[in-house]
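Please look through the sequence and the structure below before reading on. The report then takes up a few places one by one and ends with the chain as a whole.

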Amino acid sequence: MKIAWILDNLPMIGELTISHLFYTLLPTVIGLVVSIPLGGVAYRYRKLYGVIVNISSVLYTVPSLALFVLLPKILGTRILDPLNVVIALTVYSVALMVREVADGLASVPREVLDAAEGMGLTSMQRFFRVELPVALPVLFGALRVVVVSNISIVTVAALVGISQLGSLFTIGFSRRTFVPIIAGLVVCLVLALVLDRLIAALGKAVTPWRERNMA
């Protein structure tokens with residue numbers, strides 16, 4: 001009976017999985033794009049480090065359900081507008097990544113920066129050609145945390161009517177059966193494991209020098 005329900009609803013589970021991936025990955029990418037300049041400012045201007053990091057930490061403590069409900073009033077959107085979920089998850093992504101970006105840039109050895117200055121690189125060239133590439137291992141580590149976190153948080157959006165794997169939890173609750181809930185948990189777990197491994201592999205691929213140094 002349990003397997004039969006899953007087999008009968010595979011198309012729906014597949015659609016919910018694709019939707020879940022969308023709400024997980026889009027905010028993660030946007031969050032990374034926003035976090036790099038914010039983290040760069042926090043790193044470059046140390047007086048702003050505490051302000052930026054503390055604000056991001058406070059934002060992450062806001063309960064996700066409360067944020068999903070408040071955003072429509074702030075943005076003037078509908079409660080079922082997917083934009084609310086994208087913005088909320090982007091806020092959480094930035095909150096988790098901005099400190100890691102700043103700390104990753106701060107981890108670049110002084111001698112590397114001195115060599116870049118000796119080559120005549122401008123501040124912008126040094127950032128994109130030296131500091132950011134050297135900080136990539138830290139950034140990819142942060143991305144792994146953010147993706148797993150977002151996979152979990154997205155499920156809460158089912159409570160405000162946004163369809164994704166969290167919808168299986170509400171289906172199971174309304175029908176008083178554990179089968180959809182277990183199916184949703186398993187798929188979320190698989191997604192987290194697969195995406196974590198993919199990001200880790202991508203991180204190794206774009207930082208081959210790190211593997212050589214560890215060998």
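## Glycine 184

Glycine 184 has its place in helix H9, which covers residues 179–206; helices here are DSSP runs of H or I with at least four residues, strands are runs of E with at least two, and both are numbered from the N terminus. This is a predicted model, in which local features need pLDDT of at least 70 and side-chain atom pairs count only at pLDDT 80 or more, while totals for chains, interfaces and linings use all residues. Residues are numbered from 1 along each chain as its sequence is written, and side-chain values use heavy atoms, with hydrogens and water left out.

With a relative accessible area of 0%, glycine 184 is buried (buried means under 20% relative accessible area, exposed over 50%, and partly exposed in between, with a 1.4 Å probe and protein chains only). Leaving aside residues up to four places away in sequence, glycine 184 touches Leu168 and Phe169, where contact means heavy atoms within 4.5 Å.

## Serine 93

Serine 93 sits in helix H5, residues 82–106, and serine 93 counts as buried because its relative accessibility is 0%. Its side chain makes a polar contact with the side chain of asparagine 150 at 3.0 Å, and a polar atom of the serine 93 side chain lies 2.8 Å from the backbone oxygen of leucine 89. A polar contact is a pair of N or O atoms within 3.5 Å; within protein, one must be able to donate a hydrogen and the other to accept it, and residues adjacent in sequence count only if both atoms are side-chain atoms.

When residues up to four places away in sequence are not counted, serine 93 touches Pro27, Thr28, Gly31, Ser35, Val146 and Asn150.

## Helices H2 and H3

The axes of helix H2 (residues 10–44) and helix H3 (residues 46–60) come within 5 Å and cross at roughly 135 degrees. That makes H2 oblique to H3, since angles under 35 degrees count as roughly parallel, over 145 as roughly antiparallel, 65 to 115 as roughly perpendicular and the rest as oblique. The axes are lines fitted to C-alpha atoms, for helices over the stretch in contact, and angles run from 0 to 180 degrees between N-to-C directions.

In this pairing, Leu38, Val41, Ala42, Tyr43 and Arg44 of H2 meet Arg46, Leu48, Tyr49 and Ile52 of H3.

## The whole chain

The chain has 10 helices and zero strands. Of its 215 residues, 42% count as buried, and its C-alpha atoms fill a box of roughly 70 × 45 × 20 Å, taken along the principal axes.
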